[in-house]
Amino acid sequence: MTPPASSPAVAPDAPARAEGLTEAEVARRRTQFGPNRLPETHESLARKLLRYFWGPIPWMIEIAAILSAVVRHWADFTIITLLLLFNAGVGFWQEYKASSALDALKKQLALRCRVRRDGQWREIDAADLVPGDVVRVRLGDIVPADLELLDGDYLSVDQSALTGESLPVDRKAGDAIYSGSIVRQGEMIGVVSATGAQTYLGKTAQLVQKAGAVSHFQKAVLAIGDYLIYVSLALVAVLVLVELGRGLPWLDLMQFALILTVASIPVAMPAVLSVTMALGALALSKEKAIVSKLESIEEMAAVDVLCSDKTGTLTENRLTLGEPLLVGAADAGALNLHAALASQSDNGDAIDQAVFAAPGLSGALDGFTRKRFVPFDPVSKRSEGDWTDAAGQAIAAAKGAPQVILDLAAVDTATRAKAEDWIAAQAARGFRTLGVASREGDGAWRLDGILALYDPPRADSAQTIAQAREHGITVKMVTGDNVAIAREIAGQLGIGRNIESADKVFGDGARAAAGPDLAERVGATDGFAQVFPEHKYGIVKALQDAGHRVAMTGDGVNDAPALKQADVGIAVSGATDAARAAAALILTEPGLSTIVKAVEEARRIFERMNAYATYRITETIRIMVFVVLAMLAYGFYPITAVMIILLAFFNDVPIMTIAYDRTALDPRPVRWDMRRVLTASTVMGLTGTAGSFLMLYLAVDWLHLPMAKVQTYIFLKMAVAGHLTLFVARSRDAYWRKPYPAPVMIWSALLTKVAATLLCAWGLGLVTPISWPEIGLIWGYSIAWSLLTDAAKRTVYRHLDLAAPRHRRFLGLLHRRTHPAAR
């Protein structure tokens with residue numbers, strides 16, 4: 001469906017066209033029309049809470065409660081009901097915390113726009129727009145509301161998200177453009193005709209529904225969950241069939257089987273994952289890096305190549321003018337004046353600001369009247385302004401890439417050679433250059449001269465690049481400047497001087513140049529110069545074909561394809577709305593250090609989730625395998641249904657705190673390694689199972705304790721050892737070494753251990769009490785066995801680390817065979 005070219009919903013009035021609305025009128029219209037946002041459906045708190053009582057896991061617990069009531073085991077019934085309420089309460093609270101964290105992130109990602117109010121241009125949140133507001137939109141902006149265009153030459157607008165049209169459409173004064181469109185070229189002023197639900201986008205709301213992608217890590221952990229469910233159900237089925245054959249009461253057996261299944265299934269997994277990811281994203285935002293896609297945290301942790309823009313990321317983006325080359329201009333003042341005629345003072349562009357900061361330029365434009373302005377765009381690589389001076393004479397000025405301006409002025413061979421030699425000399429010093437041309441009336445363009453601009457490297461860039469290298473990240477410079485400038489700056493920063501022109505590597509097109517050696521050639525360079533947006537896509541694709549996880553920075557509307565293709569697209573500080581929309585990570589502060597900090601934090605988040613997966617598998621093996629095999633071997637319940645429920649209580653509380661845990665920073669990029677996790681957790685789980693069997697043997701065959709006391713022994717051993725297993729699983733090194741667990745994790749584990757110990761000492765009608773010397777014996781045994789488990793874990797990791805190079809070589813060979821471009 002194609003929207004009409006012009007159909008304003010609210011007729012703009014005369015004051016709005018001139019000076020914009022007053023604040024008083026804005027307040028009145030906001031009351032009438034509401035905020036400029038699409039209506040959101042909010043689920044009631046009661047409905048959210050009820051969802052935790054409906055589903056396979058709650059059904060199992062509810063059936064177990066009903067069976068307890070049928071056989072009149074009221075203590076069991078009470079504890080099971082409390083478990084159901086506890087699971088619901090914890091899940092609800094974790095969802096609430098995750099939702100609050102995401103809401104905070106959304107506020108930081110709010111779209112901004114330029115609006116004229118009370119006769120002054122200002123920047124506001126797009127949500128605060130009202131019909132009648134006068135708005136300026138330009139290259140790279142996402143249109144904040146439906147607009148009727150009032151003033152300016154033209155806009156090229158991408159409406160593909162709304163209409164499906166593959167090509168941008170041109171719009172001029174009197175036409176309408178629609179909320180959610182992207183400005184590809186041009187700059188114009190328009191008046192808001194509709195906001196919120198009344199916009200074209202709002203009336204086709206299904207277009208804005210986004211399906212949340214699930215990351216590789218989440219898929220892997222959920223696959224682990226499915227695996228654990230199948231294993232648990234299979235073991236329980238064997239247990240039920242054998243014990244029914246032995247004549248155990250079927251109601252008691254079914255109740256026990258249900259409770260055992262619930263305890264073995266990772267009920268807390270969705271809550272732990274969502275909270276860990278959301279709180280991690282909130283922590284990243286404090287480092288001035290806002291995550292727009294939560295699943296990108298995993299990709300960020302795995303990044304091993306960072307392709308970074310030079311300007312504003314590696315350099316300060318604080319340009320100063322150097323000594324110019326004068327050609328047609330009488331002096332530097334005349335050259336600067338003509339450069340100012342091709343600039344805008346209020347657009348925040350670093351080059352334009354440097355031009356207007358030139359000495360003697362203040363007040364020089366008084367008496368000039370602008371008739372037309374064409375802003376800079378990455379395709380034409382120049383900006384242009386048409387003016388009349390105080391005498392009424394027409395004058396036009398253009399500034400842009402030197403080669404473009406030299407061609408525009410059609411200079412002779414000698415002048416071109418002189419200019420190119422001077423440009424090369426400036427580039428060798430790290431100076432950028434900017435051509436300036438002008439013409440009077442309908443005359444021919446004349447080259448006025450070339451400006452030299454210097455953008456010094458950021459003070460922290462060299463140190464940050466060295467730090468990134470220590471983290472296993474290769475930094476490659478990607479810049480539109482020429483090769484000489486790029487080599488000079490890259491050399492100063494320690495990136496390396498092997499900088500190639502993108503044209504030489506990719507030829508006429510980024511994709512047309514793909515060949516057997518492209519990935520190897522791209523990987524071998526330290527960076528690229530004279531890069532166009534389409535080259536960025538080719539660079540990312542070639543590096544990915546070589547098996548790298550790539551982060552790419554960008555700021556312009558034409559960078560969007562590369563940002564989307566990259567494993568982590570990064571919109572740098574000051575990026576256009578279109579680049580921010582395409583990026584997974586949005587920086588609110590300039591500099592490479594922000595990106596490196598974000599990668600470090602992402603690796604810590606990944607380690608927390610990795611630790612949870614390892615612990616969860618270990619616990620399932622430790623509990624499920626032991627209980628089933630113990631019943632098959634000894635013919636009685638080694639632990640009661642109530643004890644299993646209590647274990648679920650005591651184990652779930654500390655694991656919820658893993659989102660706040662302190663973790664070691666891996667010096668290398670981290671990726672999900674199912675083989676590593678399964679191997680380590682299986683060894684730890686079987687070691688724990690052996691420890692429980694030995695405790696059972698000592699209690700039954702050596703101490704000859706009654707069954708009720710044996711069950712208390714096993715319960716306390718599994719409660720204490722379960723928390724110690726959490727500490728063992730969270731680190732690859734000895735668990736008593738740094739980094740120490742977060743205080744909240746230590747205290748939650750300590751308090752639940754104390755609760756379990758007091759329960760075993762006092763009984764409280766739930767377990768058979770045991771003496772304090774017996775409790776001390778079990779504590780000592782559990783701590784000693786945790787040291788054995790930790791030793792087994794470290795042995796496994798050492799073996800896996802030794803095998804890792806061979807495994808990586810195998811994967812590299814497999815990758816090259818399946819990706820011809822990587823050979």
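Select Glu25 and Arg28 in helix H2 (residues 23–33); they sit three residues apart, so about one helical turn separates them. Helices here are DSSP runs of H or I with at least four residues, strands are E runs of at least two, and both are numbered from the N terminus. This is a predicted model, where local features need pLDDT of at least 70, side-chain atom pairs count only at pLDDT 80 or more, and totals for chains, interfaces and linings use all residues. Residues are numbered from 1 along each chain as its sequence is written, and side-chain values use heavy atoms, without hydrogens and water.

Stay on this pair. Arg28 forms a salt bridge with Glu25, with the closest N and O atoms 2.5 Å apart. A salt bridge is a side-chain nitrogen of Lys or Arg within 4 Å of a carboxyl oxygen of Asp or Glu. Arg28 is partly exposed at 45% relative accessibility. Glu25 is partly exposed too, at 22%. Buried means under 20% relative accessible area, exposed over 50%, and partly exposed in between (1.4 Å probe, protein chains only).

Next, select Arg521 and Glu500. Their side chains meet in a salt bridge, 3.0 Å from N to O. Arg521 lies in helix H19 (residues 518–524) and Glu500 in strand S19 (residues 499–501), so the pair ties together parts 21 residues apart in sequence.

Now go to helix H23 and pick Glu619 and Arg622, three residues apart. Their salt bridge spans 2.6 Å, N to O. Both residues are buried.

Last, select Arg372, Arg382, Glu384 and Asp386. A network of salt bridges links them. The structure holds 34 salt bridges.
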